[in-house]
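Please look at the structure first.

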Amino acid sequence: MKKTLMSGNEAIARGAYEAGVHFAAAYPGTPSTEILENVARYDEIDAQWSGNEKVALEVGIGASIAGSRVLVAMKHVGVNVAADPLMTFSYTGVNGGLVLVAADDPGMHSSQNEQDSRHYARLAKVPMLEPSDSQEAKDMVAIALDISEEFDTPVMLKSSTRISHAQTLVEQGERTAVAVRPYKKDLKKNVMIPAYARLRHVVVEERMDLLRKYVEQSPLNRIEWRDKKIGVICAGICYQYVREALPEASVLKLGINFPLPEKKLEEFASGVDQLYVVEELDPFMEEQIKAMGIKVRGKEDFPVIGEIFPNMIADKILGKPHTEPLEVAGYCDEPIPMRPPVLCPGCTHRSVFYMLKKLKMVVSGDIGCYTLGSLAPLEAMDTCVCMGASVSAGLGFEKGNADLKGKVVAVIGDSTFFHSGMTGLADVVYNRGTTLTMILDNRITAMTGHQHHPGTGSTLKGDPTLALDISAICKALGVERIREADPFNLKELEAVIKEEAAADEPSVIIVRRMCTLQDKSPKDLYEIDKDKCVTCGRCMKLGCPAISQHGEIYSVDSSLCVGCAVCVQVCKSDAIVKAGGDNA
């Protein structure tokens, strides 16, 4: 068998291919994005980006009930969006197996919170598997699908940033040809009106009893006996950390973290002198184990915030770190200057936030590159809660404080508008709001790595498709005032914002330009004429990484400048000119 280095996300995609998955869907979000990008490479799988995670799961549910094997992927906060159909899908069960991958982000490397997805498995009463390396990530997809079909349940597969992005060796196999199961109409199973749902709840509880027996015998839950002075219960990436930090300790490795194998836990606990649970984020396993009457240490020693590392495990359990700090000759331990994230040079969003700050608007923000408009020097955002919340929260500002009427702007990106912004805009219209909504349309899902969405005219697999018209959608939602503006034309942008913010009805400004990282068209580059520069520092207020100050000298880094010319319009001294010439 061929062995290849794969990230956990690549391995999950490979696992879907080998397990005979017919259909896959997702909405991009770090750290899960690469799962579907890799699934799309397999012609045997019909894979798609969906508008949001709820839609992705709902499409997957339909494909499963129709008879296909299905994989649906999302990051942890996406499970919140998909929670509604998940809870009821637990009742209907599957036809073709369905595995829902939830990628957690302990430490919040790219997320607005660090919630623990294991709670969703318990809430939905569905089994959850958790791999500890890429090989297991691949293998567990097939196992999860088998469990799904055997027990008539969706199955969750939990990843985390370290599993999703770290690479380990994976033994590749061949694709198993799995036939699409025949579809049979079954109202009592698939139509969850109260009379039928009550019957299915009984089935769900009976299924949980069967799953509790299954996990006792599953090889995914295994005891590794070594020195019995210390025993550790762990799963996922924490298993790797425990093996590195405590190579002599006995370990109960749980490949299925819900439901827990009570008899196996009792057997392991009775065989060791001191028992620990090492798990990231919440005391999910610890609380259940303690409820079984088993004495164990966990969150007395380990944090509920952020990631856990091998040195932390060795320090907390053995009383000393696993390794000492590395001695590097000439190393300087003085703190380095903070390097906060910034919008890219020439980003099409920068001028919008510059102008909103200049006009002293109250900005209800959203999730995406434009969230960086909240940072200095722009600092032009007042709130950011979750995907799609900008539009509805903007209406809330207006409803909640009459003094803010005419001053509120909801800012949302094109992909996020398709994700969940449309419902908020409909609410503004329906409830007679006058909020101005600015849709920053850079023609792509930029922050997660330039994935396509319903407005780009291309599918996940690169096939041409109908590009949905944002303007027409806003019109259909009841917005009469719809304007378009060029983010690189400050004069036009300012005039349009003033006019639409003053309107006594809902209005939308679509600020449209291709993401600067994708726009490869030739442009003039700029430099600062030192003879004209009066060192006012106005150009620095844009926060463009291409412009810097050294003492009294301001300059443009030609290796970063992309020629957007926004700084030219900001400078009152006409000191920013085309490189090698004037601005004529």
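This is a predicted model: local features need pLDDT of at least 70, side-chain atom pairs count only at pLDDT 80 or more; totals for chains, interfaces and linings use all residues.

The chain falls into domain 1 (2-216), domain 2 (221-318), domain 3 (348-512) and domain 4 (526-578). The briefing concerns domain 1 and domain 3, whose C-alpha centres are 32 Å apart.

**Extent of the contact**

- Domain 1 contributes 19 residues to the contact, and domain 3 contributes 14 residues.
- About 1,200 Å² is buried between domain 1 and domain 3, and carbon and sulfur atoms account for 58% of it.
- Of the area that domain 1 buries against domain 3, 40% comes from Y27, W49 and Q112.

**Polar and charged pairing**

- Six residue pairs are in polar contact between domain 1 and domain 3, counting pairs with both residues at pLDDT 80 or more.
- The number of salt bridges between domain 1 and domain 3 is zero.

**The side of domain 1 that touches domain 3**

- Helix 2 (34-39) and strand 3 (46-49) each provide at least two residues of this side of domain 1.
- Strand 3 gives the most to this side, with three residues.
- By residue class, this side of domain 1 has nine nonpolar, seven polar and three charged residues.
- The three charged residues are on the side of domain 1 that touches domain 3, while the salt bridge count between domain 1 and domain 3 is zero.

How values were computed:
Residues are numbered from 1 along each chain as its sequence is written. Side-chain values use heavy atoms; hydrogens and water are left out. Domain bounds come from an automatic or database domain assignment. Contact means heavy atoms within 4.5 Å. Buried area is the accessible area (1.4 Å probe) that two parts lose on being put together, summed over both. A salt bridge is a side-chain nitrogen of Lys or Arg within 4 Å of a carboxyl oxygen of Asp or Glu. A polar contact is a pair of N or O atoms within 3.5 Å; within protein, one must be able to donate a hydrogen and the other to accept it, and residues adjacent in sequence count only if both atoms are side-chain atoms. Helices (H or I, at least four residues) and strands (E, at least two) are DSSP runs, numbered from the N terminus. Ala, Val, Leu, Ile, Met, Phe, Trp, Tyr, Cys and Pro count as nonpolar, Asp, Glu, Lys and Arg as charged, and the others, Gly among them, as polar.
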